[in-house]
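Here is a short briefing on one protein chain. Look over the sequence and the model first, then read the points below.

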Amino acid sequence: MTGAIDEGPRAFSCRDVGYACEWSLRAASADEVQSRFRDHARCAHGLPEVSGELAARVAAAIRPA
Ligand SMILES: [Zn+2]
């Protein structure tokens, strides 16, 4: 463990949480990934909100970038 808080560039691909979708992003932090995923899920997948269960799957799929 580095002791660092969850910071630094992060990458995420929508398909990693099970969507047949090519959307992916890099963001400055895991929080930003979650924020941008919420927008994407609403616009592209018709999800009015991201459930806690889906947010947890997103968190698990976020990688250092
Ligand atoms: Zn998607």
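**Briefing: a predicted chain**

D31 has its place in helix α1. With 12 other C-beta atoms within 10 Å, D31 is exposed (exposed: 12 or fewer other C-beta atoms within 10 Å of its own; buried: 20 or more; partly exposed: in between; C-beta atoms are placed from the backbone). The model is predicted: local features need pLDDT of at least 70, side-chain atom pairs count only at pLDDT 80 or more, and totals for chains, interfaces and linings use all residues. Residue numbers start from 1 along each chain as its sequence is written.

**Overall make-up**

- The chain has two helices and three strands (DSSP runs, numbered from the N terminus: helices are H or I of at least four residues, strands are E of at least two).
- Read from the N terminus, the order of elements is β-β-α-α-β.
- The radius of gyration is 12 Å, close to the 11 Å of the globule rule for 65 residues, so the chain is as compact as a globular protein of that length. The radius is taken over C-alpha atoms, and the rule is 2.2 Å times the number of residues to the power 0.38.
- The C-alpha trace spans about 40 × 20 × 15 Å along its principal axes.
- Of the 65 residues, 12% are buried.
- Take the contacts between residues at least 6 apart in sequence: 46% of them join residues at least 24 apart. A contact means that two C-beta atoms, placed from the backbone, lie within 7 Å.

**The sheet**

- The sheet is open, with three strands in the order β2-β1-β3 and antiparallel pairing. Strands count as paired if DSSP finds at least two bridges between them.
- β2 (24–27) and β3 (63–64) are the edge strands, and each pairs on one side only.
- β1 (residues 10–13) is joined to β2 by four bridges, and the two run antiparallel.
- Across that pairing, F12 stands opposite L25 in β2.
- Helix α1 (residues 30–45) packs on the sheet and touches β1 and β2. The direction of α1 makes about 140° with that of β2. Axes here are lines fitted to C-alpha atoms, for helices over the stretch in contact, and angles run from 0 to 180 degrees between N-to-C directions.
- β1 and β3 also run antiparallel, joined by two bridges.
- R10 has P64 as its bridge partner in β3.
- R10 and F12 form the covered face of β1, while A11 and S13 form the uncovered one.

**Helix α1**

- V33, F37 and A41 are the buried residues of α1.
- Seen down the helix axis, the buried residues of α1 fall within an arc of 70°, so they line one face. The arc is that of the directions from the helix axis to the C-beta atoms.
- An α-helix has 3.6 residues a turn, so residues three or four places apart point the same way.
- The buried residues of α1 pack against β1, β2 and α2.
- D31, S35, D39 and C43 are exposed on the other side of α1.
- G46 follows α1 and has a positive phi, near 65°.

**Helix α2 and C-alpha distances**

- E53 lies in α2 (residues 52–61).
- E53 is exposed, with 8 other C-beta atoms within 10 Å.
- E53 and C14 are 39 residues apart in sequence, and their C-alpha atoms are 15 Å apart.
- D31 and V50 are 19 residues apart in sequence and 14 Å apart in space, C-alpha to C-alpha.
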